[in-house]
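Open the model in your viewer and keep the selection tool at hand. We will go stop by stop.

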Number of protein chains: 2
Amino acid sequence: MSDSPPPTARAEVVNAVKNALATHGYAGLTTKKVAAESEKSEAFFFYHYDTKDDLVVAFLDWAIEHNRDQLSALDDDPVTRLYDALDFLVGDPADDVDRGINVAMMELLSHAPHNERFHERLTAYEASVIELFVDIVEEGIARGQFEEVDAHDVASYLVVTANGTAGAAMALGMHDVDAGVRRELDRYLRTNVLAPGVTPPEGVLVP
Amino acid sequence: MSDSPPPTARAEVVNAVKNALATHGYAGLTTKKVAAESEKSEAFFFYHYDTKDDLVVAFLDWAIEHNRDQLSALDDDPVTRLYDALDFLVGDPADDVDRGINVAMMELLSHAPHNERFHERLTAYEASVIELFVDIVEEGIARGQFEEVDAHDVASYLVVTANGTAGAAMALGMHDVDAGVRRELDRYLRTNVLAPGVTPPEGVLVP
């Protein structure tokens, strides 16, 4: 990579890459399309980023930080945090940018076996999201709000299920699948994770 | 597309596309690489298939039939069928071809929003797999082996969870995630789907 852009410009770059990925996917991404989503010229991008993958890596590094911040800033109560975090992770298929980003992340994941830089970032990202759910589950057990479950198994299971909605619900637009998954996730959490008598927040995860 | 190849050649073509996709992914696929996986010459492929996407569509059409046949041929008992079907769908990250195909399917899914032919085939595929699980669940309820669950919600949820393992477990090689998901899927099925007293087959899904 050439010289990194200053921090204020970085935010603009990341936002442009995000929107370009959401619209065109990784395969359709070009520096020209990224520049079209920003106030900066194409020359600016070429000055700071040698390749399309440099732009994507800059976006991934930001996305990992950003999602971690978003998820860490959630309500302190483990039950509310669990539902809010899952709702965030399942994503909103009606939101075009959210949908585009989820599908683009799936595309980048599919390149991970052939792309060491993507592999490194995406593994760090998945591990950090799972760790965040482990923390929520352990806190819920400690407070007696959750059953004595295996926190890592539950966390892995929830993250994988949320990731899986990107295929049928986001990429294919099968909205009934999204609705069914949300209802069944809620049923699983009530039966297998929450302690008896503990009720989840209303209107989160299941509208 | 040009003239379709005869049925015996079709099987060879599909196998070559499958292995080439497993090794190189969709982005890295070329007719040359497909031909390298087969006894046929590159000229044979160019004669029958105009573009790379024609080869991929031929593979998808076959994969839909094949997976439906595989899943339909499973044991007649709903409990055993449910576990066998899920085990098949979650896939085996230690099997390179299975892993490659799962990751390639994820890549093709990510192209569905921009590729009408992939979108059509993949939607038909996902719908048929969900329908197969709906049939298993309804049969299990009718025989009193399953709880009175919403068959479509449960089917969607199981298929999405299985799909989701392609990301962390298959593309990133996070094997502990695969193991945790299998254990938690088993716990979910025992608690939320199987009727009290019904036990799943041993060694399936959870080794």
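Here is a short tour of the two chains and the place where they meet.

This is a predicted model: local features need pLDDT of at least 70, side-chain atom pairs count only at pLDDT 80 or more, and totals for chains, interfaces and linings use all residues. Residues are numbered from 1 along each chain as its sequence is written, chains are lettered from A and ligands numbered from 1 in the order in which they are written, and side-chain values use heavy atoms, without hydrogens and water.

**Both chains.** Color chain A and chain B separately.

**The interface.** Now select the contact (heavy atoms within 4.5 Å). Chain A gives 44 residues and chain B gives 44 residues. Of the interface residues of chain A, 100% are also interface residues in chain B, so the copies meet through the same surface.

**The buried area.** Together the chains bury about 3,800 Å², 66% of it on carbon and sulfur atoms. Buried area is the accessible area (1.4 Å probe) that two parts lose on being put together, summed over both. Show Tyr157(A), Val160(A) and Leu172(A): they supply 17% of the area chain A buries against chain B, more than any other three residues.

**A salt bridge.** Last, pick Asp153(A) and Arg183(B). Their side chains form a salt bridge (2.8 Å, N to O). The term means a side-chain nitrogen of Lys or Arg within 4 Å of a carboxyl oxygen of Asp or Glu. Between chain A and chain B the count is two.
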